[in-house]
Amino acid sequence: MTVLPSPEEIEAARTPAGGWTRDQLAAWGVPWPPPKGWKDELAERWRADGPDGAPPPPPRPTPAPADFAQETLDFG
């Protein structure tokens, strides 16, 4: 599994010539030659997974309304 870089890490990994090495892209799971939009895709995946690489926590359940009554079914 590859570790997704943050947008800042992507920019920091540029070579002095302004590009990225084949080895660096491979470490991020980007094929060679890199397809158009690869930086945006990596950044979007990083945002979706959360900044620390872990998936974001699930949303907290909302409490049921005070007048909510759940019907109980008896199948036996």
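Here is a tour that goes from the whole chain to single side chains.

Before you click, know that this is a predicted model: local features need pLDDT of at least 70, side-chain atom pairs count only at pLDDT 80 or more, and totals for chains, interfaces and linings use all residues. Residues are numbered from 1 along each chain as its sequence is written, and side-chain values use heavy atoms, leaving out hydrogens and water.

**Stop 1: the whole chain.** Switch to cartoon view. You'll find three helices and zero strands, in the order α-α-α along the sequence. Of the 76 residues, 17% count as buried. Here buried means under 20% relative accessible area, exposed means over 50%, and partly exposed is in between, with a 1.4 Å probe and protein chains only.

**Stop 2: helix α3.** Select residues 38-49, which make up helix α3. How far apart are the end C-alpha atoms of α3? They are 16 Å apart, which agrees with the 16 Å that its 12 residues should span at 1.5 Å a residue. (The expected span is 1.5 Å times one less than the number of residues.)

Next, show the side chains of Trp38, Leu42, Ala43 and Trp46, the buried residues of α3. They sit on the same side of α3, because they cover an arc of only 135° around the axis. The arc is taken from the directions from the helix axis to the C-beta atoms. A handy bit of background: an α-helix has 3.6 residues a turn, so residues three or four places apart point the same way.

What do these buried residues pack against? Their partners are α1 (7-12) and α2 (22-27), where contact means heavy atoms within 4.5 Å. Arg47 has 52% relative accessibility. Its C-alpha is 9.5 Å from that of Leu4, though Arg47 and Leu4 are 43 residues apart in sequence.

**Stop 3: the core.** Select Leu4, Ile10, Trp20, Leu25, Trp28, Val30, Trp38, Leu42 and Trp46: these nine residues form the largest nonpolar core. Helix α3 gives the most to this core, with three residues. (A nonpolar core is a set of buried Ala, Val, Leu, Ile, Met, Phe, Trp, Tyr and Cys residues joined through side-chain atoms within 4.5 Å.)

**Stop 4: the rings.** Keep Trp20, Trp28 and Trp38 on screen; ring pairs link them into a cluster. Rings of Phe, Tyr and Trp (its six-membered ring) pair if their centres lie within 6.5 Å; planes under 30 degrees apart count as stacked, over 60 as edge-to-face and the rest as tilted. There are two aromatic pairs in the structure. Trp20 and Trp38 are edge-to-face, 5.0 Å centre to centre with 85° between the planes. That pair joins the loop between α1 and α2 to helix α3, across 18 residues. Trp28 and Trp38 have centres 6.3 Å apart and planes at 25°, so they are stacked.

**Last stop: a cis bond.** Zoom in on Pro33, in the loop between α2 and α3. The peptide bond from Trp32 to Pro33 is cis, with omega near -10°.

Notes. Helix = DSSP H or I, 4+ residues; strand = E, 2+ residues; numbered from the N terminus.
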